[in-house]
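Have the sequence and the coordinates open side by side. The tour below moves from backbone to side chains.

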Amino acid sequence: MIRRIVLICSAGVSTNMLVRRMEHEAARLGYPCSVTFYPIQEVKEASQFADVMLLAPQSAFELPELQVRYPNVKSAVIPKDLYAGIDAVKILDLAQKIVGDY
């Protein structure tokens with residue numbers, strides 16, 4: 001099974017870099033997943049195929065509404081320090097924990 005990780009953001013510049021690093025880390029670990037990003041305005045589309053949605057810290061206020069609107073998709077906010085440091089290792093780890101892969 002390939003996990004579908006979706007990063008939700010407002011702009012996308014840092015998030016695009018994070019996607020590439022997460023894909024690289026997943027390949028290194030042999031973790032089968034796809035990592036994509038969507039702007040917050042397209043969250044409805046993103047939710048249709050996501051196993052987990054991780055919100056950029058600047059979109060944290062959207063989390064409660066997303067959890068109500070899309071209860072079948074696990075979601076969380078990426079901690080500010082991990083996002084600012086583009087820490088793909090720890091953010092991938094967070095996604096794996098949220099979906100229960102370990």
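What follows covers the sheet, its packing, the cores, an aromatic pair and the cysteines.

This is a predicted model, in which local features need pLDDT of at least 70, side-chain atom pairs count only at pLDDT 80 or more, and totals for chains, interfaces and linings use all residues. Residues are numbered from 1 along each chain as its sequence is written, and side-chain values use heavy atoms, with hydrogens and water left out.

Start with the sheet. It is open, with 4 strands in the order E2-E1-E3-E4 and parallel pairing. Strands (E, at least two residues) and helices (H or I, at least four) are DSSP runs, numbered from the N terminus. Two strands pair if DSSP finds at least two bridges between them. Strands of a sheet pair through backbone hydrogen bonds. On average, neighbouring strands are turned by 20° against each other, direction ignored. Axes here are lines fitted to C-alpha atoms, for helices over the stretch in contact, and angles run from 0 to 180 degrees between N-to-C directions.

Look at the E3 side. Strand E3 (residues 52-55) runs parallel to E4, and 4 bridges join them. In one of these strands, E4, Ser75 is the bridge partner of Met53. Helix H5 (residues 88-99) lies across E1 (3-9), E2, E3 and E4. Its direction is about 135° to E3.

Val77 also lies in E4. Its C-alpha atom is separated by 6.2 Å from that of Ala56, 21 residues apart along the chain. Contact means heavy atoms within 4.5 Å. Not counting residues up to four places away in sequence, Val77 touches Leu55, Ala56, Pro57, Ala60, Leu63 and Leu94. Val77 counts as partly exposed because its relative accessibility is 26%. Buried means under 20% relative accessible area, exposed over 50%, and partly exposed in between (1.4 Å probe, protein chains only).

Now turn to the nonpolar cores. Such a core is a set of buried Ala, Val, Leu, Ile, Met, Phe, Trp, Tyr and Cys residues joined through side-chain atoms within 4.5 Å. The largest has 23 residues. Ile5, Leu7, Leu18, Met22, Leu54 and Ile78 have the most contacts inside it. E1, helix H1 (13-29), E2, E3, helix H4 (80-84) and H5 each give two or more residues to this core. H5 gives the most, with 5 residues. Leaving aside neighbours within four places in sequence, Leu54 contacts residues including Ile5, Leu7, Ala76, Ile78, Ile91 and Ile98. Apart from this core lies another, of 13 residues, among them Ile40, Val43, Leu55 and Leu66.

Which residues form an aromatic pair? Tyr38 and Phe49 do, 5.8 Å centre to centre with 55° between the planes, a tilted arrangement. Rings of Phe, Tyr and Trp (its six-membered ring) pair if their centres lie within 6.5 Å; planes under 30 degrees apart count as stacked, over 60 as edge-to-face and the rest as tilted. Tyr38 lies in E2 and Phe49 in the loop between helix H2 (43-47) and E3, so the pair ties together parts 11 residues apart in sequence. Tyr38 is buried at 14%, whereas Phe49 is partly exposed at 26%.

Finally, the cysteines. How many disulfides does the structure hold? The count is 0, where a disulfide is a pair of cysteine sulfur atoms within 2.5 Å. The sulfur of Cys9 is 17 Å from the closest cysteine sulfur, in Cys33, so a bond is ruled out by distance. Cys9 is buried at 1% relative accessibility. Cys33 also counts as buried, at 19%.
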